[in-house]
Amino acid sequence: MKFYIIPIIVVMSFFLKEYQTDYSSSHYEPIVQEKDMEQSIADGKAIYSEFCMRCHLPQGEGVEGVYPPLANSNWLSEKRTESIKSVKYGLKGEIEVNGVTYNNNMTSMGLTDREVADVMNYILNSFGNEDIDSKQVTVKEVAGLTEK
């Protein structure tokens with residue numbers, strides 16, 4: 001009886017190995033399909049409420065001398081890349097927004113590239129920034145930016 005069990009186990013293990021999935025070769029591929037602008041803005045509004053509103057306030061007005069305004073912001077209109085980088089990586093050091101100097105630290109919120117694109121699209125299409133002639137911020141654009 002013992003002699004029959006060992007060959008059965010060997011044969012079964014061979015068949016089981018054939019049906020196993022090799023997960024070691026799998027890797028994560030992020031979805032980079034772009035949303036339409038309307039959906040991106042709606043999703044960005046939720047992200048703004050969760051991460052940005054506590055400092056920049058509900059209407060993007062900021063706190064003069066402490067947190068720069070996002071409403072009618074010349075910094076957003078003149079420094080698109082720097083604006084996106086500040087959301088993606090945080091911001092440290094002196095900046096001038098609408099003629100007022102700010103020198104505070106904004107830590108990185110740990111947002112994904114998709115979330116950065118969405119919140120930037122919301123900000124650039126809210127708070128009086130609608131007149132900024134800017135194209136949609138895309139995941140590809142955000143992913144292509146490095147911290148330095």
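Of the 148 residues of the protein, 30% count as buried (under 20% relative accessible area, with exposed over 50% and partly exposed in between; 1.4 Å probe, protein chains only). This is a predicted model, in which local features need pLDDT of at least 70, side-chain atom pairs count only at pLDDT 80 or more, and totals for chains, interfaces and linings use all residues. Residues are numbered from 1 along each chain as its sequence is written, and side-chain values use heavy atoms, with hydrogens and water left out.

**Exercise 1. Describe how α5 is covered.**

Step 1. Check its span. α5 has twelve residues and reaches 16 Å from first C-alpha to last, close to the 16 Å expected at 1.5 Å a residue. The expected span is 1.5 Å times one less than the number of residues.

Step 2. Count burial: ten of the twelve residues are buried. Among them are R114, D118 and N121.

Step 3. Identify the cover. It includes α2, α3 (74-78), α4 and α6 (139-143).

Step 4. Zoom in on M120. Leaving aside neighbours within four places in sequence, M120 is in contact (heavy atoms within 4.5 Å) with L76, S83, I84, V87 and V137.

**Exercise 2. Classify the packing of α2 and α5.**

Step 1. Take the geometry: an angle of about 95°, with axes 6 Å apart. Axes are lines fitted to C-alpha atoms, for helices over the stretch in contact; angles run from 0 to 180 degrees between N-to-C directions.

Step 2. Apply the classes: under 35 degrees roughly parallel, over 145 roughly antiparallel, 65 to 115 roughly perpendicular, the rest oblique. α2 and α5 are therefore roughly perpendicular.

Step 3. Name the partners. Residues of α2 including I41, I47 and Y48 meet residues of α5 including A117, V119 and I123.

Key
Helix = DSSP H or I, 4+ residues; strand = E, 2+ residues; numbered from the N terminus.
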